[in-house]
Amino acid sequence: MKRLIKGNKVKVISGTHSTKEGVILSINYKDNTAIIEGINVIKRHQKPSQANENKGGIISKEAPIQLSKLALVVPKSTTGVSKIGYSTEKGKKVRIAKKTKTEVGGK
């Protein structure tokens, strides 16, 4: 089971985008990176092509951020973020927020 998964709301805790919050769009566990909606947006120059059916020009897209710079947002927590722990309930492993001892949704 993974600490952070797609669809979780996270907060950036260090770097140029610190204190910003967003939802995880995708995660690459091999590189320990995640793409967060609306955070770390970069601009790329793209040529027009028939394969992608785009007109080209300057496009904006999200770049990956290291997982170590992200913390899970827990609404009931006093600080808003919490570390993730694991618990076995009814023979099933579930993720829990360490500060509030509540179960965190997801897969």
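**Notebook: Asn-40 and the sheet**

I began with Asn-40, which sits in the loop between strand S3 (33-36) and strand S4 (41-46). A reminder to myself: this is a predicted model.

Next I asked myself: is Asn-40 buried or exposed? Its relative accessible area is 19%, and because buried means under 20%, Asn-40 counts as buried.

I then looked up what its side chain touches. Setting aside neighbours within four places in sequence, I listed the contacts of Asn-40 as His-17, Lys-61, Glu-62, Ala-63, Pro-64 and Ile-65.

From there I turned to the sheet. What is the strand order? I read an open sheet of six strands, S6-S3-S2-S1-S7-S8, with antiparallel pairing. Strand S6 (65-66) and strand S8 (81-82) stand at the edges; each has a single partner strand, so one side of each lacks a neighbour in the sheet.

S3 and S6 pair in the antiparallel sense, over two bridges. I noted that Thr-33 stands opposite Gln-66 in S6.

Last, I checked the rings. How many aromatic pairs are there? By the rule I used, the count is zero. I did find a charge over a ring, though: Lys-93 lies over the face of Tyr-86, at 4.6 Å from the ring centre.

Terms used. Residues numbered from 1 in each chain as written. Predicted model: local features only at pLDDT ≥ 70, side-chain atom pairs only at ≥ 80, totals over all residues. Heavy atoms only, no water. Phe/Tyr/Trp six-rings, centres within 6.5 Å; stacked < 30°, edge-to-face > 60°. Lys NZ or Arg CZ within 6 Å of the ring centre and 35° of its normal. Helix = DSSP H or I, 4+ residues; strand = E, 2+ residues; numbered from the N terminus. Buried < 20%, exposed > 50% of the residue type's maximum accessible area, 1.4 Å probe, protein only. Contact = heavy atoms within 4.5 Å. Pairing = 2+ DSSP bridges.
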